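Here are some notes to read with the model open beside you. Please take the points in order.

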Amino acid sequence: MKKVVLYIAMSLDGYIADCKKSVNWIKGQDDSVEMQDTYSAFFDNVDTVIMGKKTYEQITTELSPSRWPYSGTITYVFTHDTLMTDTMDIKFTNADPCQLVNKLRKETGKNIWICGGADIINQLMKEDLIDIFHISIIPVILGGGTKLFEETGGMINLRLVNTLNYNGVIEVVYKRR
C-alpha cells in the first residue's frame with residue numbers, strides 16, 4: 001500500500017502562504033547560506049502528486065512557469081473548472097479528494113505526495129488519510145495568511161521519526177501512531 005505524505009513548508013506560526021498568497025518567504029535565516037536539499041531524496045520516492053487548483057496555478061505562473069517540475073509523476077489537480085485539459089502528467093478532477101486518495105493508496109508504487117493546498121490537506125486529515133507529515137518550519141512569523149491546519153474534529157496521534165536543522169529551518173517528520 002502506498003504511503004500518503006504531506007511534504008510542505010510552514011511559518012513558525014503555522015501558515016503555508018502569506019496574506020498575498022505568496023510563498024517567497026520560504027528560505028533560511030541567512031541568504032548567503034545554501035539551503036539543504038531534502039526535496040530530491042523525498043521526490044525520488046513519489047509517483048503521484050495531489051494538489052488543488054490554486055497550488056497548480058501558483059506553480060505554473062509564479063514558481064515554475066517555464067516547465068512542469070513534477071514530470072515523471074502523475075499529478076491530480078482538484079478543480080471545478082471543467083475547461084482544464086489533461087496532459088500526460090496532469091489529470092484535472094472534481095472527484096472527492098478522500099475517495100481518490102483511498103483508491104490511489106491501494107495501488108502498488110511509490111508514495112503519494114500531498115503538495116497543497118490547505119483545503120485538500122484538511123479534508124484528508126479529517127479522514128485520517130495522511131500517513132507521514134514532513135514539515136519544514138521556516139524561521140519567520142507571518143501573522144496571517146493561509147493556515148496549514150484547521151480543526152479536524154479529532155486528535156491525530158503522531159510519532160517523531162526524524163528532525164533536521166539547517167540555516168534556521170527545522171524539518172520534522174512524523175508518522176501516524
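**Notes on the predicted model**

1. Helix 2 gives the most, with 6 residues.

2. The volume of the largest pocket is about 1400 Å³. Its lining is made up of 44 residues, and Val23, Thr55, Gln58, Leu63 and Cys115 lie nearest the centre. Sorted by class, the lining has 23 nonpolar, 15 polar and 6 charged residues.

3. Is strand 6 enclosed or open? In strand 6 (residues 111-116), 6 of the 6 residues are buried, so the strand is largely enclosed by the rest of the structure.

4. Which strands pair with strand 6? Strand 1 (residues 4-11) pairs with strand 6 in the parallel sense over 3 bridges, and leucine 6 has isoleucine 114 as its bridge partner there. Strand 3 (residues 46-52) also pairs with strand 6 in the parallel sense, over 5 bridges. In that pairing of strands 3 and 6, threonine 48 stands opposite isoleucine 112.

5. Arginine 105 belongs to helix 3 (residues 97-105). Its relative accessible area is 7%, and arginine 105 is therefore buried, the cut-off being under 20%. Beyond its neighbours within four places in sequence, arginine 105 is in contact with Met1, Lys2, Val4, Ile112, Leu129, Asp131 and Arg176.

6. There are 12 aromatic pairs in the structure. In one of them, tyrosine 7 and tyrosine 39 have ring centres 6.2 Å apart and planes at 55°, so the pair is tilted. Tyrosine 7 is in strand 1 and tyrosine 39 in helix 1 (residues 39-43), so this pair ties together parts 32 residues apart in sequence. Tyrosine 7 counts as buried at 12% relative accessibility, whereas tyrosine 39, at 27%, is partly exposed.

7. Tyrosine 7 also pairs with phenylalanine 42: the ring centres are 4.1 Å apart and the planes are at 10°, so this pair is stacked. The pair links distant parts of the chain, with tyrosine 7 in strand 1 and phenylalanine 42 in helix 1, 35 residues apart. Both tyrosine 7 and phenylalanine 42 are buried.

8. Which residues form one aromatic cluster? The members are Tyr7, Tyr39, Phe42, Phe43, Tyr56, Trp68, Tyr70, Phe92 and Trp113.

Definitions and conventions:
Residues are numbered from 1 along each chain as its sequence is written. This is a predicted model: local features need pLDDT of at least 70, side-chain atom pairs count only at pLDDT 80 or more; totals for chains, interfaces and linings use all residues. Side-chain values use heavy atoms; hydrogens and water are left out. Buried means under 20% relative accessible area, exposed over 50%, partly exposed in between (1.4 Å probe, protein chains only). Helices (H or I, at least four residues) and strands (E, at least two) are DSSP runs, numbered from the N terminus. Two strands pair if DSSP finds at least two bridges between them. On a 1 Å grid over the protein atoms alone, a cavity is a set of points where a 1.4 Å probe fits but cannot get out, and a pocket is an open set with protein on both sides within 12 Å along at least five of seven lines; lining residues have an atom within 4 Å of a point. Grid points are joined across faces, edges and corners, and a volume is the space filled by probe spheres set on the points. Ala, Val, Leu, Ile, Met, Phe, Trp, Tyr, Cys and Pro count as nonpolar, Asp, Glu, Lys and Arg as charged, and the others, Gly among them, as polar. Contact means heavy atoms within 4.5 Å. Rings of Phe, Tyr and Trp (its six-membered ring) pair if their centres lie within 6.5 Å; planes under 30 degrees apart count as stacked, over 60 as edge-to-face and the rest as tilted.
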